[in-house]
Amino acid sequence: MSGAGKVYLIGAGPGDPGLLTLRGKELLERADVVVYDRLVSPAILGFCNPKAKMVDVGKMPTHHKVKQSEINKLLVQFAIEMPGATIARLKGGDPFVFGRGGEEALELVAAGIEFEVVPGITSAISVPAYAGIPVSHRGIATSFHIITGHEKADESVRHPEPKAKDSGQNLSLDFETLAKCPGTLIFLMGIANMDFIARRLMECGKDPKTPLAFIEKGTTPYQRTVMATLETAGETIARENVTAPAITIMGGVVELGNTLAWKKNLPLSGKRLVVTRAAKQASGITARLTALGAEVIETPMIETRALDCPNVIPATSSVIPAISSVILAISSVIPAISSVIPAKAGISSADFNALTNFDILAFTSTNGVESFFKQLFAAGYDVRVLAGKKIASVGKITEKKLLEFGIRCDYVPEDHTGEGLGKLLGSLPVDHSRILLLQGNLADDTLLKLLPQATRWVVYETLPVAELPEWKREAVASADAVVFASTSAVENFCAVTQNLHFEEPLQSHPEEPLLRHPEERSDEGSSPKELCHASEPSLAFCIGRMTESAARKHGFDTVTSDETTMDSLVKKIVDFYTTRES
Ligand code: SAH
């Protein structure tokens, strides 16, 4: 159907966000609608375009799953009603492995809707891999077989995860053949029927001593492996309370899991942590915590946006109403923030003509570089307007960003700080009124104080996040702890998770001097709130004493890094969990 939206059936993988494909991530980042299942992990939902409409078909307001036929209709409806839109149908594992992706695709074909399939890593092989069980192994298994352990009586209901014991009588599996298979048997959706399945396999001649593993919530922080044999399968499930989602793997390869299990040994395995840093700065700590086994829910408390060009944009008027009302609420009570929001932000084409008035352009963040060039290009200029000018950067990261735009830096201070940059430029035998500073709306005045004759253009703005989408609130509520690096992050976190009133002003105490590269420091102020009780989770890992005291004030138990560095914080988190739980 020409003009309709296009539907992408995307496999989300088994849970670990690192197992989503690059293609899947790219599509989620630009999706207009994301229709997702219950099994999709919140860390993956975090990749989705923040403006996308998020549709949870694993749960309706009534807490009932949406029927498959309704999902099929929904996809067609979105495609028809949203011409040109990217509609992501995000499914656990691989869409075509017991995922009913084929049924959705057939429905799209019937309606003449364009679609594409983005395979995912199926739980059938990746979950055993995370438990240290290779599905095939030379000398042990030369084939593996993926089998559904549940078949539905009512085909309109999706993904049965049977609660009570199911007799398994509905299963039409060929147990005679399966019992003779020398390869590894992998059952999906089989927990409720496993007693029956195991019995039938033994009746058909499979060795009762065949090793077997149940792997619950594989690749997520809550992964658990329970070992058994065919003859003890049913009683083990009951005794250990094995629950869905779980896979069952049978065969000699299972024993390798005793030697090769690797994930459960990671120090932060089983922990879900919320990182409240700005998205761009969060990736460093996210990568470290993830590598140590944690699942990280990135929940930035501020967001940075390049101002549009060529319009002149007042700092508080270009945002969506929900956000602007919060900004107004905050700025009405915090002089620290309201005083630094300039009356005029953004650059007009006329301003770009004014570049001729400057000989040195100084950048203090990658955001500044990106926003400046975005506006420059949108105004119809290109880098040639910078010919003959000297370029200064506060440090190496900004310098690298400038190189991406084909610009080499002339000046970078050795200590990579704003103060260092101010002193360096101040020492140059040039007319300081011909220095232009390109910064964000919350940049502090260090540079302007050292270079009082210089001019500052605000090229991007930083705003507190006003609300969290529902899926993120749920993920946050189920987390083990929150990581805070500034008082403003604590305050804003409590505001967006608790709908607090803005009453009691606090001083601004941004505290993360060494947490990231100095040039990447955010221009965070603080926002005032009253106490935030009953926060969930109740544990906070903090950088800096002021951050700690803000978190305590809001009822968190706190663990604070010895130094104000990311290394120190990560070490503290690992120490906390390894000493407490060993
Ligand atoms: N398309 C999916 C399978 C959907 S059927 C895939 O390719 O993985 C749902 C079943 O998959 C669950 O009942 C469970 O048996 C299995 N499963 C999915 N994710 C899992 C996980 N993280 N850990 C263990 N089993 C999982």
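Modeller: Two strands are said to pair when DSSP finds at least two bridges between them. The model considered here is predicted.

Colleague: Which residue in E15 is the bridge partner of leucine 361?

Modeller: The partner of leucine 361 is isoleucine 391 in E15. Strands E14 (residues 360-363) and E15 (residues 390-393) run parallel and are joined by 4 bridges. Between these two strands the chain passes through helix H14 (residues 366-378), and this β-α-β crossover is right-handed.

Colleague: Which way do the side chains of E14 point, and are they buried or exposed?

Modeller: In a regular strand, side chains alternate between the two faces of the sheet. In E14, Ile360 and Ala362 point one way, Leu361 and Phe363 point the other way, and all are buried. E14 also pairs in the parallel sense with E16 (residues 435-440), over 4 bridges; there, isoleucine 360 stands opposite isoleucine 435.

Colleague: In what order do the 5 strands of the open sheet stand?

Modeller: The order is E13-E17-E16-E14-E15, with mixed pairing. E13 (302-306) and E15 are the edge strands; each has a single partner strand, so one side of each lacks a neighbour in the sheet. E13 runs antiparallel to E17 (residues 455-464), with 5 bridges, and arginine 305 has glutamate 461 as its bridge partner in E17.

Colleague: Which residues form a nonpolar patch on the surface?

Modeller: The patch consists of Phe98, Ile125, Phe144 and Ile146, which together have about 300 Å² of accessible area. Phenylalanine 98 lies in the loop between strand E4 (86-91) and helix H4 (101-111). With a relative accessible area of 33%, phenylalanine 98 is partly exposed.

Methods:
Residues are numbered from 1 along each chain as its sequence is written. This is a predicted model: local features need pLDDT of at least 70, side-chain atom pairs count only at pLDDT 80 or more; totals for chains, interfaces and linings use all residues. Side-chain values use heavy atoms; hydrogens and water are left out. Buried means under 20% relative accessible area, exposed over 50%, partly exposed in between (1.4 Å probe, protein chains only). A crossover is right-handed if, with the strands pointing away from the viewer, the path from the first strand over the helix to the second runs clockwise. Patches are made of residues with over 30% relative accessible area and no salt bridge: like charges are joined within 9 Å, nonpolar side chains (Val, Leu, Ile, Met, Phe, Trp, Tyr) within 5 Å. Accessible areas come from the Shrake-Rupley method with a 1.4 Å probe; for residues, only the protein chains shown count as cover. A salt bridge is a side-chain nitrogen of Lys or Arg within 4 Å of a carboxyl oxygen of Asp or Glu.
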